[in-house]
Amino acid sequence: MGSNSSRIGDLPKNEYLKKLSGTESVSENDPFWNQLLSFSFPAPTSSTELKLLEEATISVCRSLAGLWTVFTLGGVGSKAAASPELSSPLANQSLLLLLVLANLTDASDVPNPYRQAIMSFKNTQDSSPFPSSIPHAFQINFNSLYTALCEQQTSDQATLLLYTLLHQNSNIRTYMLARTDMENLVLPILEILYHVEERNSHHVYMALIILLILTEDDGFNRSIHEVILKNITWYSERVLTEISLGSLLILVVIRTVQYNMTRTRDKYLHTNCLAALANMSAQFRSLHQYAAQRIISLFSLLSKKHNKVLEQATQSLRGSLSSNDVPLPDYAQDLNVIEEVIRMMLEIINSCLTNSLHHNPNLVYALLYKRDLFEQFRTHPSFQDIMQNIDLVITFFSSRLLQAGAELSVERVLEIIKQGVVALPKDRLKKFPELKFKYVEEEQPEEFFIPYVWSLVYNSAVGLYWNPQAIQLFTMDSD
C-alpha cells in the first residue's frame with residue numbers, strides 16, 4: 001500500500017484520506033498524509049485482514065495527525081476563531097495531550113522523550129544533520145507553526161505552547177527573533193496583558209514571561225521601535241492613531257504594573273514587568289509622547305506610595321512609644337519593597353538617558369515637566385548615585401529653557417531639547433552596568449506547570465468527564 005496508488009483498498013485515495021483525517025478538507029497532495037501513506041504494508045490476503053488493517057491504520061494516523069495538528073493548531077492560514085476548542089477539537093485535544101506529555105517528570109535514569117523532542121525539533125528548511133545525541137528528532141514547517149501561534153493566543157494552551165517552545169527550543173527562538181513581522185506575535189501577547197482583568201493569572205504570567213524572553217535579545221529591542229502601528233482599537237485609555245510597537249509594549253507593561261500595584265500586589269508579576277522594561281531601556285527609540293508620560297507617571301505613583309508608607313511608619317512608631325502592647329505592622333519591609341521598585345524605575349530612566357538620550361526628546365520633556373518629583377530622591381542614600389545622571393539632565397535642560405524665556409510652546413520646548421542634546425557634556429554622565437535580566441525557571445517548575453496543564457485539561461478538553469470530587473492536583477477555583 002503506497003502513496004503513489006490511486007486507490008487504497010476499496011476506496012479512492014482522496015476518500016481514504018478524508019476517512020483517515022475525519023475531515024473533508026484534506027488535500028490528496030498534502031505532504032503529511034502522503035508521508036504517512038508512503039510506508040509499506042504487507043498486502044492483505046482477505047477482506048477481514050483488509051478491514052483490520054484499515055481500522056488500525058486509521059487509529060494510528062489519527063493519533064499522529066493530532067500531533068501534527070497541534071503544531072498547526074487546527075489549520076494554518078485560517079482566521080482565529082472565537083473559540084478554538086470548539087472550531088477544531090482534534091487540535092485542542094492534541095495540544096492538551098502534548099502539553100501533558102511534555103510536562104511529565106523525568107525518570108531516574110531516562111529523560112522525558114517528549115520534552116527532548118520539543119527541545120530539539122528543527123525547521124523543514126534546515127538541512128543540517130541532527131547531533132547523534134538527540135534520539136527523538138523531527139522537522140516541521142516553522143512558518144506554518146509561527147502563523148498558527150500568532151492566530152491562537154486567545155487560549156491558555158496556545159500561549160503555554162508558545163512559552164514552552166521559546167524557552168526550551170533554541171531553533172524556534174532564533175527563527176522567531178529573525179522574523180520581520182514580529183508584531184503579529186507580539187500584539188496578541190500585549191492584548192492578553194491589556195485585558196489582565198479578564199484573564200486568569202497563569203495566562204498573564206505566561207504572556208509576560210514570553211515578553212521577558214523576547215526582550216533578552218537586543219535585536220528585538222531595536223526592531224520593535226521601527227514597526228509603526230496604526231489605530232490600535234483595543235487600547236481604550238487613549239486614541240493611538242500611530243505608535244511604534246516598542247512604545248505600545250512599554251504602555252501595556254506599565255499598565256500591568258499599575259494594575260498589579262492597586263489590585264493583586266503580586267511581587268513576581270511586577271518584578272518580571274520591570275525586568276522586561278529594563279532589558280529594553282538602552283534601546284528605547286523615538287518614544288511616543290504618551291509612553292514617555294506613562295513612564296514618569298508610574299514613577300509618580302511609586303513616589304506617592306513611598307511617602308504614604310513612610311508616613312504610616314512614622315505614625316506607627318509614635319503610637320508605639322505610648323503602648324508597648326500593640327504589635328507594629330512591618331512597615332520596614334513594605335518600605336524596602338517600594339524602594340527596590342523605585343530604584344529599578346530610576347535605573348530604567350537612567351539607562352535610556354545614558355544610552356539613547358538623543359533618540360528620546362519626549363522622555364526628556366516628560367522628565368522636565370515633572371522634575372519636582374525627583375527632588376526628594378536627590379540626597380536619599382538609596383538613590384543618590386543613580387540620581388546623579390538624572391539630576392544632571394534636568395539641571396542642564398532646565399537652564400536652557402530658562403534662557404529661552406517664558407511661555408514656551410510644546411513644539412518650542414522640544415526644539416530646545418533636540419538642540420541641547422548635542423551640547424550636553426556626555427562625559428559627565430556616570431556609567432552604570434548594563435541592565436540585563438534573563439528569565440530562569442524556578443528550581444521545581446513542575447509544581448507550577450503540572451497542576452496548570454491538568455487544570456486546562458479539566459476545563460477545556462472536549463468530551464472528557466472528570467469527577468470534580470476526585471481531583472486533588474489543583475483546587476476547583478484554580479486558574
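## Crossing of helices H16 and H18

In this predicted model, the axes of helix H16 (residues 331-356) and helix H18 (residues 384-404) come within 9 Å and cross at roughly 50 degrees, where axes are lines fitted to C-alpha atoms, for helices over the stretch in contact, and angles run from 0 to 180 degrees between N-to-C directions. H16 is therefore oblique to H18, given that angles under 35 degrees count as roughly parallel, over 145 as roughly antiparallel, 65 to 115 as roughly perpendicular and the rest as oblique. The crossing of H16 and H18 is left-handed; a crossing has this hand if the near helix is turned anticlockwise from the far one by less than a right angle, and is right-handed if clockwise. Helices (H or I, at least four residues) and strands (E, at least two) are DSSP runs, numbered from the N terminus.

The side chains of Asp385 and Arg343 meet in a salt bridge with an N to O distance of 2.7 Å. This pair links distant parts of the chain, with Asp385 in helix H18 and Arg343 in helix H16, 42 residues apart. A salt bridge here is a side-chain nitrogen of Lys or Arg within 4 Å of a carboxyl oxygen of Asp or Glu. Asp385 counts as partly exposed because its relative accessibility is 25%, on a scale where buried means under 20% relative accessible area, exposed over 50%, and partly exposed in between (1.4 Å probe, protein chains only). Gln388 also lies in helix H18 and is partly exposed at 46% relative accessibility. The C-alpha atoms of Gln388 and Lys430 are separated by 7.6 Å, although these residues are 42 apart along the chain.

## Basis of the values

Residues are numbered from 1 along each chain as its sequence is written, and side-chain values use heavy atoms, with hydrogens and water left out. Because the model is predicted, local features need pLDDT of at least 70 and side-chain atom pairs count only at pLDDT 80 or more, whereas totals for chains, interfaces and linings use all residues.

## Helices H17 and H19

The axes of helix H17 (residues 361-369) and H19 come within 10 Å and cross at roughly 110 degrees. That angle makes H17 roughly perpendicular to H19, and the crossing of H17 and H19 is right-handed.

Within helix H19 (residues 410-423), Arg412 and Glu415 are separated by about one helical turn, because they are three residues apart. Arg412 forms a salt bridge with Glu415, the closest N and O atoms being 3.3 Å apart.

## Other salt bridges

The count comes to 13 salt bridges by the stated rule. Among them is the pair of Asp126 and Lys122, whose closest N and O atoms are 4.0 Å apart. Asp126 is partly exposed at 28% relative accessibility, whereas Lys122 is buried at 6%. Glu197, Glu237 and Arg255 are linked in a network of salt bridges.

## Loop residues with positive phi

Phi of Asn231 is near 50 degrees, a positive value in a residue other than glycine, and Asn231 has its place in the loop between strand E5 (228-230) and strand E6 (242-244). Ser286, likewise a residue other than glycine, has a positive phi near 45 degrees. Ser286 is found in the loop between helix H14 (267-281) and helix H15 (289-322), where it is exposed, with a relative accessible area of 55%.

## A buried alanine and a nonpolar patch

Ala207 is found in helix H11 (residues 201-214) and counts as buried because its relative accessibility is 0%. Ala207 and Ile189 are 18 residues apart in sequence, while their C-alpha atoms are 5.6 Å apart in space.

On the surface, Trp454, Leu464, Trp466 and Leu473 form a nonpolar patch with about 370 Å² of accessible area together. Patches are made of residues with over 30% relative accessible area and no salt bridge, like charges being joined within 9 Å and nonpolar side chains (Val, Leu, Ile, Met, Phe, Trp, Tyr) within 5 Å. Accessible areas come from the Shrake-Rupley method with a 1.4 Å probe, and for residues only the protein chains shown count as cover. One of the patch residues, Leu464, has its place in the segment after helix H20 (446-460) and is partly exposed at 47% relative accessibility.
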